[in-house]
Amino acid sequence: MEKKLPEDLANLSELNEQSLLELLTARFKQNHIYTYIGDILVAVNPFKYLSIYEREVSEQYKCHEKRSLPPHIFAVADRAYQSLLGRLATGPKNQCIVISGESGAGKTESTKLLLRHIMELCKANSQLEQQILQVNPLLEAFGNAQTVMNDNSSRFGKYVQLRFHNSSVKGAKISEYLLEKSRVVNQDDGEQNFHIFYFMLAGISTEDKEMYGLLDPKLYRYLNGRFGQENVVQNWRLKYSEVCNAMDMVGFEEQEKVDMMTILAGILSLGNIMFETTDNDLLKVSETSRGWLKATAGQFGVQEEDLLKSLTCTMSMTRGEAIQRLHNQQQAEDARDSIAKVAYGRVFGWIVSKINKQLAHKVDDDVELSEIGILDIFGFENFAVNRFEQLCINLANEQLQYFFNHHIFLMEQDEYKQEGITWETIAFKDNKPILDLFLTKPIGIMSLLDEQSAFPQATDKDFVDKLNSKFKTAPNFEVVRSHTPLFTIVHYAGKVQYNAGGFLEKNRDTIPANIRELFINSVTPLLSVLFAATISRTGTLMPRKAKLVSDDNFNSTRKQSVGAQFKHSLAVLMEKMFVANPHFVRCIKPNRSKQPDDLDSNLVMDQLRYNGLLETIRIRRDGFSWRPTFREFAERYKILLVKPDLPLDKESCIAILNSTGLSGWKCGLSRLFFKFWHQEELARLLDRMGQAAVVIQKNYRARICRKRYLVLIAEIRRQRQAQREKEEREEQERRRKLMEEQEEERRRLEVEQENMRPASPPVPLPRKMKPQPRPRSVLNGITKPPHLIPVPRPRSKLVEATPFDNELNENVHLDASLVLQPIDEKRIKEKHLKKTNTIRWFKETQVRKLARDGSFPCWFHGMISRRQAEDLLTDKPLGCFLVRVGQSREGFTLTYRGGDRCRHYMVEVQTNGKYVILGEDRAHSSLTDLVHYHAQVGIKPFMELLTVPCGQVSEHEPDYEELRGFSSAHAEDSSDAEDLGSTKIHFQMQKLFIPPQQNSNLEPRKPPVMKRISDRRRRIDIGEMDHKDTDDHETRPFPRLYPSIRLAMREIQQTQQQSQEHIHVVSGKPLASWKRTDA
């Protein structure tokens, strides 16, 4: 049996480095990777799968008490969410969760778990939650890469802002920081390019590779001629399908996806363009690179000559005169790499901008939204060679460490002194001098970097000499005597030596104006938008409508350096975080070999020291983390005293606390001081009062409802008695009239009999009157049953009728307000209008997608009601289903025959035309694909499989009355003739751009004519659902200059075949000709 270990380090009786390390080690060996320090969570990366993240565990951490469950990342998410809603000790306030740790400590995974649990907590009837969750795999693919320290290292920082109204999420925004664009063109040994290149090359089909112009991955110089093993490639294929699904879920259009993949292929092709000098010292593209140049031009949608000209020379305007300067070989290669970096950076920025647009909140501006922010930023890095990116990354970590110190140590201990609280100051390692070294104006490192970047002739060596002269006496700066430009900074996490080579160029991050003009005029719409976009002060891409330009206005959109943008974005981030209530997660990396069940004591101890966890434990154990003012506390907890009109002053606060029995708190001059666990105790007391209030309200409402019920029953009984008396009077009157008629009839018969007696010879007598019909005899003992008030029939045949449906019972509660309701004309009109709009939407946007060969699938039943759908499935087997059009919204509903009831799943049609079942995490290109997919994969949360389609009922006409007859063959044929005439030239042009293995006879398809599919006429076997819809494949988008790309690929393949006899490839090693020499 495992020994029970302390879960909160703030409760340790013996506190020193050794005891702290031993406790964390023991918990790690028991797979307890989470530990509390008061309200701070320490997380040790296990480097393996653990079962503590299953759905059942997530359910346990919803509105839980901290001490009732072990420490968990879900508990942090729950505490932030409950604090946002004001359910804990503090009132409603914006929250932020700060995740810190070095690279490989598990920050990205922690972010995904936090997002997942928060979306579970605020789950509503919306697809927005799933869209937010799909952002992570998309950004990981484009922003993460393998490094020597981490297989999934974030090469950018992000701050996720979740916007809430009441308890539901209404939108989200992503802020990205400092993408490491240099990785596109250069990776150190043991590292890789961004994930998306490998996912794309592994997951794209052979036909799509030909369409995009992609060849063997080992041919690409930007990938260092390396690719993965078969098992790794298989995993990349799965990742690529996840990325494509994420883009569909978020709302990317098909043409946007094609353009984006074409640009990525162009970046890879661009890296293979090599230059050589001629006998006249002029620069030209090498013969083996001519095909790559053609491919790049086709993929970027520009002319080959224009692209070559932008690589080999620079155009500038001097006094209205154009001056052309030729590049040498190094300058041409730098221009090539610069284009690749800028293009990829702008693609990434556009993805973030597109996500923000799709996830933006859709509420009125006057509605106030609350917010939870989650910061996942690159961890502290110290490589063998540290460059400009590492300098910015470590600066960001210094800023986060200062934020942590400010909240945990500085602000707290200053308040103790101001409020007169007896306190022994806890010393901590303050890193503000290091921040001043970087950010002070005008002589900080970043300011000097901008100053040197402004001089065109300045070199990296000049920059380092400037640093040495300014900071040679600074305690956190060390001068390095070397021929290469090196300098050392003593960070809070240790010394880091930086190689300043390339600092100035990376900080400028400029490309020539003629290159920007070239891409703005590209025939690829996305590339044109990317280079026409402006850059904000924080480095955010702001797309705008592209237009053809011929003048140089590049400098007006790119005035700030990368360092200045990064400084400003950090300042904005800190401003957001300082006004929010922070929650801290400190991630620990157990070993550098990324192996499970292995903890390196020295490595962990170093992280504990530079994170200041020992000092953090002391201040959480002895200090007061929650410090509300008297007014804030009294407003929040005056209900505990159960006194009206309580003054919001010090005496009231003390009276409230004395009534709770809490101990360990202190009272200052203007505020109260509480331990971290006091919040939960007070929240528990509030919850108890809330439960008591619910009981009081329940009984009061029950009493009121009982009174109303008795009055209603008495009124119903009075009405019944009056009805019975009225019926009795009517019955007596009817009987009296009947008896009078019978008596009159008897007398008439007697007179007739008397007259029939012969007194004289028979003489014809005149007819007196028309004979009356003989009344029916009525038995006196039978009475007419009283008139019954009609009751609604059951909702469907699946719902069993109760004994009271057709019988009035005096013991049954009847709501008289529901009887004889007045007709709401306005509501009926609105309902009819919604129905009409839905039919129009279906006719204009969905008929062609849904119908095949002029007919609808048998499982499609048009616009029928919920009750009609349930009636159709009454006698059907388990798993039977049908799809119907929503009656009041633009979408579909899938009705499923479950074991105990029918379930109705809403199917949303997204802005990009994809179909998603509400709550599912997968988008589909058509309803047929959706049905086919869920015939194999169950629908969440019950994992129900679609087995048998529900066919039509009518034998002669289609069942979908509302949709019948709005489409006819004659009308469609006439419209086809018009369309064919207006688009004749379009289809002739389109034949030139036919992707591979597609029908060359490209003619406009005739819209389908609606026909009924009766399951009696045409039995649809469930196996037919395997048939894929080929319409999407025939009409899918493709690159604008596909013919040029295809010709270039053939030329490259011919060149490779011709040079194959001269290239000797060693098995399992990359091509020597593609090894980088400038790393």
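Start with the open sheet of 7 strands, whose order is 1-2-18-3-12-6-7, with mixed pairing. Strands here are DSSP runs of E with at least two residues, and helices are runs of H or I with at least four, numbered from the N terminus. Two strands pair if DSSP finds at least two bridges between them.

Select residues 34-37, then 168-177. These are strand 1 and strand 7, the edge strands, and each pairs on one side only. Neighbouring strands of this sheet are turned by 20° against each other on average, direction ignored. Axes are lines fitted to C-alpha atoms, for helices over the stretch in contact; angles run from 0 to 180 degrees between N-to-C directions.

A word on the model. It is predicted: local features need pLDDT of at least 70 and side-chain atom pairs pLDDT 80 or more, while totals for chains, interfaces and linings use all residues. Residues are numbered from 1 along each chain as its sequence is written, and side-chain values use heavy atoms, leaving out hydrogens and water.

Next, select residues 40-44 and 581-588. Strand 2 and strand 18 run parallel here, joined by 4 bridges. Find Val42: Arg586 in strand 18 stands opposite.

Now select residues 128-143. This is helix 5, which packs on the sheet and touches strand 6 (157-165) and strand 7. Contact means heavy atoms within 4.5 Å. The direction of helix 5 makes about 15° with that of strand 7.

Move on to charged side chains. Side chains of opposite charge can pair when their charged atoms come close. A salt bridge is a side-chain nitrogen of Lys or Arg within 4 Å of a carboxyl oxygen of Asp or Glu. The structure holds 52 of these salt bridges.

Select Arg183 and Glu180. Their closest N and O atoms are 3.0 Å apart, in a salt bridge. Are these two residues buried or exposed? Arg183 is buried, at 3% relative accessibility, and Glu180 is buried at 8%. Buried means under 20% relative accessible area, exposed over 50%, and partly exposed in between (1.4 Å probe, protein chains only).

Last stop: Glu1051 and Lys294. They form a salt bridge, with the closest N and O atoms 2.7 Å apart. Glu1051 lies in helix 33 (residues 1042-1058) and Lys294 in helix 10 (residues 290-300), so this pair links distant parts of the chain, 757 residues apart. Glu1051 is partly exposed at 23%, and Lys294 is partly exposed at 32%.
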